[in-house]
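Dear colleague,

My notes on it follow directly after.

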Amino acid sequence: MRPRRQMPRLCRAEQWAEAERNQIPLWTPVMLGAGIAAWFVLPDPRAWAAAMLAAGGVALAAATLSDGGRVMRAIGLGAMLVMAGMLLAWARAESVQAPVLAWPVMADMVAEVETAEPLAARQIVRLMLRPVRARDGRGRALGLPPRIRISLPQEDAPVGLGPGAWVRLRARLMPPAGPVAPGGYDFARAAWFQGIGATGRGFGPVQILHQADQGPGLRQRLSQRITGQLPGSAGGIAAALATGDVGAIAQDDAEAMRRAGLAHLLSVSGLHITAVVGIVMVLTIRLLALWPWLALRVRLPLVGAAAGAVAAVGYTWLTGAEVPTIRSCVAAMLVLAALAMGREAMTLRLVAAGALIVLIFRPEALVGASFQLSFAAITAIVALHEHPAVRHWLGPHPDWRWAALRHLGALLLTGLVVEAALMPIAVYHFHKAGLYGALANIVAIPWTTFIAMPLEMIALLLEPMGLGGPVWWLLGQALGLLLKLAHAVSAMPGSVVALPVASGWAFGLAVAGGLWIALWRTRWRWLGTPALMVGIWVMLAAPAPDLVVTGDGRHAGIAMGRGMALLRDRAGDYMRTTLSELSGTDAEPLALADQPAARCGRDMCVTVLQKGGRRWRIAATRSGYPVPWTQLVALCGRVDIMIADRRLPEACQPRWLKLDSAVLQRTGGVSIRLDPPMARMVRQPGDRYPWSMTGQRGGR
């Protein structure tokens, strides 16, 4: 036998693969997800086909070179899974293809209501409609996509507006909006996979042509009953816990929950499913144990698990069967099945199985923050508690005092590890990092799981008998304390650190490093640390843009040292918040017209920035009124960047960038750095994603 130092590298790799043989299957959803991610990152069918051929070539080479060992088999299977992931995402995107509105229109329509969701805090009703017939403002027949979503002011929503109703109304419709600027939320992509072809705002009066087939559904009735018992945001949180309806939570309270790192409590996910299943199992087993004859003849844990499974399915259906809830329900079912078979309740294999099921049926979920946050959290928790050192130091202890201390230590350590795991995802998607979320969750999660949710279940059970009053009061006090915690944490200095948009490759590097550490068990797992640290460092050190321009050219944010200054004083709250987030600042936006470096009139604004040792002159239109042609052309020649929400004449030639409606229609929003000069665009030349080709599909 050769000495170890002379052993061939492949043989050493086989020894490592043999030591990690139980962990290799965990990479099945990871490699499938890598293929799905590659489809969303690569720009067009030629790139997708080339990547699939390359993956197929790697799989073929691995099969050719394989000598029966694990390494080549794992490489070959991994390459095949990457190819399968790309095919899966491509097929899913094509299978949900539906017409998309090509341009904004004003439509008078008759439509069937698919869903009606009241958002009490915003005083609107969100309608999902299926148009039957429509006409434009000139009375001409208008073809609309088969599924559209509009927001209707609450006061304009007539009685009888519900699923199955036929209504006549007027609405301003537009194609689903893409990202405001690079790094922004891509609603157009989400709408494509939901079959939504247009969005907009409805106007009264709304005429009911046919009443809804039935009254409000169980979910809506339950939400109304809860908010009737608990007014304000406390009732909104209670409704969110029971039905997933967050519409009654005030905006400032919802923002406080987000800043405190507690927003996950408002979205029905694994925490809520686990609490419901656990409460139902305990109650079932305890109640049935009071019947000795049954307790001696039936395995009550199996009955409790069956009751918990029914409760999980019912709760998932009640809360709208959204993808995150379905994902959590699947995981709960796997855990209950493991318990029924006498296996360990929660392992990384169960987590991997849940992720695999979701990716097969909903591959688009991979690129959403919800999927990433939930699976990152549960993977970090399970990987941490599977570590032998953690099991040794934080396991049971005969002394109750030490046991309590260990439980507290486990809770704190788990919170810190989960926050560390979620931080790259939060930075990438939301451009913010919370500093006190782990500490807030140490209090909030047990409080919600063991106090608020049981109180709500008891109150709902007693409500039909008219005995729920005292329990509703206790629930209101409990949720009021939760809101006070959220506001206290969110008001602390540095509770949230705003960061600029991070690059995708750095995020991918951080995710790959984290998975490498979490899924392997030998000392080679720590090879993922450099990738994780480099990815996080690059994300945190991302430079802030000097200029952000929206895709319609109407809004622009310019970095002015003290914060982001907005071109238009009357930008809405959404636009103000979004531009601030994309520029990496948490400060209230300033008005560009009030800045000493800017000269703004009613129709135009010119500002000067000192960057990279030179003076940059930026001009932008700020109203819909025309500017004299000769003045406009002369101004273009004196500035470096020209921004307009209209088509500029060919003679308008700024020194560097011309961002008018014609250019922005091709590029989408633009994020610009001046030192060194660099521009990032929402849409790159050659992008052929289905949702970015609205002008070539669908209704006109």
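Which residues of α7 meet which residues of α18? Before I answer, please note that this is a predicted model.

On the side of α7, the residues are Ser233, Ala234, Ile237, Ala238 and Leu241; they meet Leu475, Gly476, Leu479 and Leu483 in α18. By class, the residues of this contact comprise seven nonpolar and two polar ones, with no charged residue. Helix α7 covers residues 232–243 and helix α18 covers residues 469–490; their axes come within 9 Å and cross at roughly 100°. Because angles of 65 to 115 degrees count as roughly perpendicular, α7 is described as roughly perpendicular to α18.

I also examined the pairing of strand β1, which spans residues 105–119. Strand β1 pairs with β4 (residues 166–174) in the antiparallel sense, over eight bridges. Within this pairing, Glu112 stands opposite Trp166 of β4. Strand β1 pairs in the antiparallel sense with β2 (residues 124–135) as well, here over eleven bridges. Val110 stands opposite Arg133 in β2.

Finally, I looked at Leu300, which is found in helix α11 (residues 300–318). Is Leu300 buried or exposed? Its relative accessibility is 9%, so Leu300 counts as buried, the cut-off for that term being under 20%. Apart from neighbours within four places in sequence, Leu300 is in contact with Ile285, Leu288, Ala289 and Ala295. Leu592, by comparison, lies 292 residues from Leu300 in sequence and 68 Å from Leu300 in space, C-alpha to C-alpha.

With kind regards

Methods:
Residues numbered from 1 in each chain as written. Predicted model: local features only at pLDDT ≥ 70, side-chain atom pairs only at ≥ 80, totals over all residues. Heavy atoms only, no water. Pairing = 2+ DSSP bridges. Helix = DSSP H or I, 4+ residues; strand = E, 2+ residues; numbered from the N terminus. Buried < 20%, exposed > 50% of the residue type's maximum accessible area, 1.4 Å probe, protein only. Contact = heavy atoms within 4.5 Å. Axes fitted to C-alpha atoms, helices over the stretch in contact; angles between N-to-C directions. Parallel < 35°, antiparallel > 145°, perpendicular 65-115°, else oblique. Nonpolar A, V, L, I, M, F, W, Y, C, P; charged D, E, K, R; others polar.
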